[in-house]
Amino acid sequence: MSNKFKLCGYAALLMLMATSCNKPLSIGINPANLDTTAIPQNDFYQYACGGWMASHPLPGEYSRFGSFDELGLRNLEQVNGLITDIAAKQHRHGTVEQKIGDFYNLAMDTVRRNQEGIEPLRKTLEDIQQISQREQLSEKLGASMDYGLFAMYVEADARNSSMNILNEYQAGYALGEKEYYFDADEHTTMIRNEYVKHVARMFQLCGFEDGEQRAQTVLRLETRLAGAALDNVELRDPIRNYNKMSIAELQNLVPEIDWNVFLSAMDIHTDSLSVGQIEHLKECGKLLAEEPLEDIKTLFLWQAIDDAADYLSDELFMANFDFYGRILSGSEEPRPLWKRAVGIVEGTLGEAVGQMYVKRYFPKENKERMLALVRNLQKAFGQRIEALTWMSDETKAKALEKLETMTIKIGYPDKWRDYSKLDVDPSLSYYENVQRAAKFEQEYSLSFLDKPVDKAKWYMFPQTVNAYYNPSSNEICFPAGILQYPFFDMSADDAFNYGAIGVVIGHEMTHGFDDQGCQFDKDGNLNNWWTAEDKANFDARTKVMEEFFNAIEVAPGVHANGAFTLGENIADHGGLQISFTAFKNLNYTEQPGVSQFTPEQRFFLAYANVWAANIRPEEILKRTKSDPHSLGRWRVNGALPQISAWYDAWNVTEQSPMFVPEDKRVSIW
């Protein structure tokens, strides 16, 4: 083990949890969150979270509301206070304060948007309608911010992680998941039928009398694109989705598009790229060559309308919400205007807002205290790797090397993003400013093309309630926004913090060693570092996880997708194992009578409370198709039966419906 793993110890954790000597740490567990009428050995999720669920009925605007969302709402209110203070004052044009304030005020001004109607979109619609020759399509697709059949973006080369490369990715169908176009069950068929009605209605609201006919065209072309797309399980294979080639090879692959013209229209100058999904891109070319030009234009018109709807009149916004919010997700009402306004400002100027948020709400010393906790989890993970019986010493050495070299980012970036080239002009419409922001973001992304990867760059904003692992840079990141209750509580004891934020840390670390992350080496390259026997052992163990979740019925007749959620389920499992090991390393003791629960019991209660949530039936079905994370209930009741320490802590016996025989449990990291 390197010195990195030897610096933390219990002294560092004493620093991490330090409080006044006269003020004992709390247990962190809120008794009101519990449902004591439930039996924890039978339904741990209900026992740990039932009280919270009963006291937090779903607000009309939410299709799911959980502890994540509760903290997110608290952060949003704090950010709103920062933004409204700025928006109430005049600022010199070009300052970041002017951009934040004017964008927020534009978003809040529904009176102006209702007066403008579809006028801000009219030029875009007219430009599409004026396409008269198929030869124009290559240039139009490259130049457009409003429509397209595939996406282009810049990120690290999966096989040369020190350099950025142009990447292509499948797109072009508004429902997002290909299953919506093909599944024949009653609910999906209803969604598809309602989608056609929605497209027709939106065309009609934009002045097209033949909306129903155009809607059928849209469905037909989107179905064609979706049919050639990879599904969410196939998209999880990094080798299959990496296809580096020269521009000349791309031209041979998809000759229907003039790629020099397309790339020139995007202002892209490069010799190579990675095509994500080859069959989909080939189908895009065939569609452009084979379908009637008027039908292709109809698809582009729909994409422009769909993309703009949230930034135009209330009538168009509500029509959009009626389908995507009410029908698809089950929400009863849209988010309040102020939340949408904050959202667009954060989406456009997120790091500038984050800089203000950190200054107000995240003291610098918290960064070092959190880092100490991460180091302790890193040490525990190393111990677990060394103790594995199914892995050879050769692969263990490489796994430990990858773990030791993992970059840790806490709270906020050391270098803040420059927004000087973004021009927010209040004389233009809200929609036009949104387009400007999108163009600014595209140019920012392209500015990294064929250049060394910026290791200091963050991929989340500091105020975000989330965390990530990035395989191409082998880094874990925990923004300031998530370092609050119920994830992290400086006044709570180790049992609580290790069960909550500790598991989150272990979860992100484990992503470097899940079924996708394990294919990347310590430098972030897509490169096999396993022996064949060890990889076969790993795959057999992950298969147990996949099949366990496949058997879970999330709704009547609907099962979880164990292959789609495999990476997140492995990460939950690893996070629990690693954090519990780190907690036990502390040799934690407490005086009798502190709590009715043992420290080990509080560890698992804290974990479960992180996933407390209420969710609508429609959202369950939607997330089962679209979300790589298991539903909150199953991140508890599906994950804990694999953890032997949970059985010991809660005296779970063979009589429990949650009991899984020891030889059938998942055992990976």
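Which residue forms a salt bridge with Asp539? Before selecting anything, note that this is a predicted model, in which local features need pLDDT of at least 70, side-chain atom pairs count only at pLDDT 80 or more, and totals for chains, interfaces and linings use all residues. Residues are numbered from 1 along each chain as its sequence is written, and side-chain values use heavy atoms, with hydrogens and water left out.

**First stop: helix H21**

Select residues 532-550, which form helix H21; helices here are DSSP runs of H or I with at least four residues, numbered from the N terminus. The partner of Asp539 is Lys535, and their closest N and O atoms are 2.8 Å apart, where a salt bridge is a side-chain nitrogen of Lys or Arg within 4 Å of a carboxyl oxygen of Asp or Glu. The two residues are four apart in H21, about one turn of the helix. Asp539 is partly exposed at 35% relative accessibility, and Lys535 is also partly exposed, at 22%; the terms are buried for under 20% relative accessible area, exposed for over 50%, and partly exposed in between, with a 1.4 Å probe and protein chains only.

**Second stop: from H22 to H23**

Now select Lys584 and Glu600, whose salt bridge has its closest N and O atoms 2.7 Å apart. This pair links distant parts of the chain, since Lys584 lies in helix H22 (residues 566-585) and Glu600 in helix H23, 16 residues apart. Lys584 is partly exposed, with a relative accessible area of 39%, and Glu600 is partly exposed at 22%.

To see the contact (heavy atoms within 4.5 Å), display residues including Phe496, Tyr498 and Val503 of H20 and Phe603, Ala606 and Tyr607 of H23.

Finally, select Glu291 and Arg224, which form a salt bridge with the closest N and O atoms 2.9 Å apart. Glu291 sits in the loop between helix H13 (278-290) and helix H14 (293-308), whereas Arg224 is in helix H10 (residues 211-228), 67 residues apart. Glu291 is buried, with a relative accessible area of 8%.
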